[in-house]
Amino acid sequence: GRFSPWGYTPHRAGPMAREVVARYLGITAPPTECTVRVLERCIPHYTLGHADRVRHMFGLIKEHRLRLSLVGASYCGAGVPDCIANAIDHTEPLHAIMNERYYGGGPDEGIKDIVELV
């Protein structure tokens, strides 16, 4: 098989995946079928100047006090962990405002429960 930049080969990827599943999920039974495809360059890369454009958009939103949040892979990180962290960063202040406005609670009440779920 072809060698990837990270040292994976299609031949080795199947056993590696089974090791991870066994370690973290406790599933040790062999699969009835295993198909391996190595997807290279599958996480998008931003073009030159992306960070400046995003910073500018966030600045405009703040400057004009728009009721808008930009969340997702297009803005502050293409990976799933980046998207989750970005969503939490944007929803914590909104949750605090809604909690205070509609339920009379302090701005920090209930936020820890949501963050712990993620």
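Trainee: Is Arg-12 buried, partly exposed or exposed?
Mentor: Buried means under 20% relative accessible area, exposed means over 50%, and partly exposed lies in between (1.4 Å probe, protein chains only). Arg-12 has a relative accessible area of 36%, so the class is partly exposed.

Trainee: What should I know about the model and the numbering?
Mentor: This is a predicted model, where local features need pLDDT of at least 70, side-chain atom pairs count only at pLDDT 80 or more, and totals for chains, interfaces and linings use all residues. Residues are numbered from 1 along each chain as its sequence is written, and side-chain values use heavy atoms, with hydrogens and water left out.

Trainee: Which side chain meets Arg-12 in a salt bridge?
Mentor: A salt bridge needs a side-chain nitrogen of Lys or Arg within 4 Å of a carboxyl oxygen of Asp or Glu. Here the N to O distance is 3.1 Å.

Trainee: In which helix do Arg-55 and Asp-52 lie?
Mentor: Helices are DSSP runs (H or I, at least four residues), numbered from the N terminus. Arg-55 and Asp-52 are three residues apart, about one turn of the helix. Arg-55 counts as exposed because its relative accessibility is 54%. Both residues lie in helix 2.

Trainee: Which element gives the largest share of the lining of the largest pocket?
Mentor: A pocket is an open set of points on a 1 Å grid over the protein atoms alone, where a 1.4 Å probe fits, with protein on both sides within 12 Å along at least five of seven lines; lining residues have an atom within 4 Å of a point. The largest pocket is lined by 17 residues, with Leu-66, Arg-67, Ser-69, Leu-94 and Ile-97 nearest its centre. Two or more lining residues come from helix 2 (50-63) and from helix 3 (80-103). The largest share, eight residues, comes from helix 3.

Trainee: How much space lies in the largest pocket?
Mentor: Volume here is the space filled by probe spheres set on the grid points, which are joined across faces, edges and corners. For the largest pocket, that space is about 570 Å³.

Trainee: What distance separates the C-alpha atoms of Ile-84 and Val-71?
Mentor: Ile-84 is in helix 3. Ile-84 and Val-71 are 13 residues apart along the chain. Their C-alpha atoms are separated by 9.0 Å.
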